[in-house]
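Please find below a short note on the structure under review. The comments are set out as numbered points.

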Amino acid sequence: MAQPVIPAPLAAHLESLPHLRAGFERFLAACFDPDAVPAATLERCRRLVAALHGADPAACGPAFANLPPAEAEALARGECPPGLPPADALALEIAGCIPWRHHDLPDAPVLAYRDACGERAAVTLLAALAMFDALCRMTLAASRLEGA
């Protein structure tokens, strides 16, 4: 992945640990694999997870793709935009469970996503969603530590 994927507030805390930062960057790039899950799907999920955390998506990492304004606005409200491809709607249904209900994630949308997009895409999506959630939490915590 050409661009950094660590959110700027968190990256600043890793400046003094370049080996850790580089390793974390490589790990995240593997989780956010646009060859397995389309960049627009990753971006929709990233924005939804940020919205569910009450976070600014720009603070939770760089964008993977540009979205139409109406889609971005719906996602900022924590809603699934209408008219998405079925696989993206499934990805957002799964993403909606990750921040606060990951233990209650139903099998049906995960299996439907796997059937529609393949095993690699399903595994990549689940890893990316977990990392979006973790990055939002770490970014929010880092910004609170700076204000303390």
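The points below cover the basis of the model, its fold, its overall dimensions, its surface and its core.

1. Basis. This is a predicted model, in which local features need pLDDT of at least 70 and side-chain atom pairs count only at pLDDT 80 or more, while totals for chains, interfaces and linings use all residues. Residues are numbered from 1 along each chain as its sequence is written, and side-chain values use heavy atoms, with hydrogens and water left out.

2. Fold. The protein has 8 helices and 0 strands (DSSP runs: H or I of at least four residues for helices, E of at least two for strands, numbered from the N terminus).

3. Dimensions. The radius of gyration, taken over C-alpha atoms, is 15 Å, which agrees with the value near 15 Å for a compact globule of 148 residues; the globule rule is 2.2 Å times the number of residues to the power 0.38. Along the principal axes, the C-alpha atoms fill a box of roughly 45 × 30 × 30 Å.

4. Burial. Of the 148 residues, 43% count as buried (under 20% relative accessible area, with a 1.4 Å probe and protein chains only).

5. Core. The largest nonpolar core has 41 residues; such a core is a set of buried Ala, Val, Leu, Ile, Met, Phe, Trp, Tyr and Cys residues joined through side-chain atoms within 4.5 Å. Those with the most contacts inside this core include L28, F32 and Y113. α8 gives the most to this core, with 10 residues.

6. Contacts of L28. Leaving aside neighbours within four places in sequence, L28 is in contact with V5, I6, M131 and L135 (contact: heavy atoms within 4.5 Å).

Note on methods
Buried means under 20% relative accessible area, exposed over 50%, partly exposed in between (1.4 Å probe, protein chains only).
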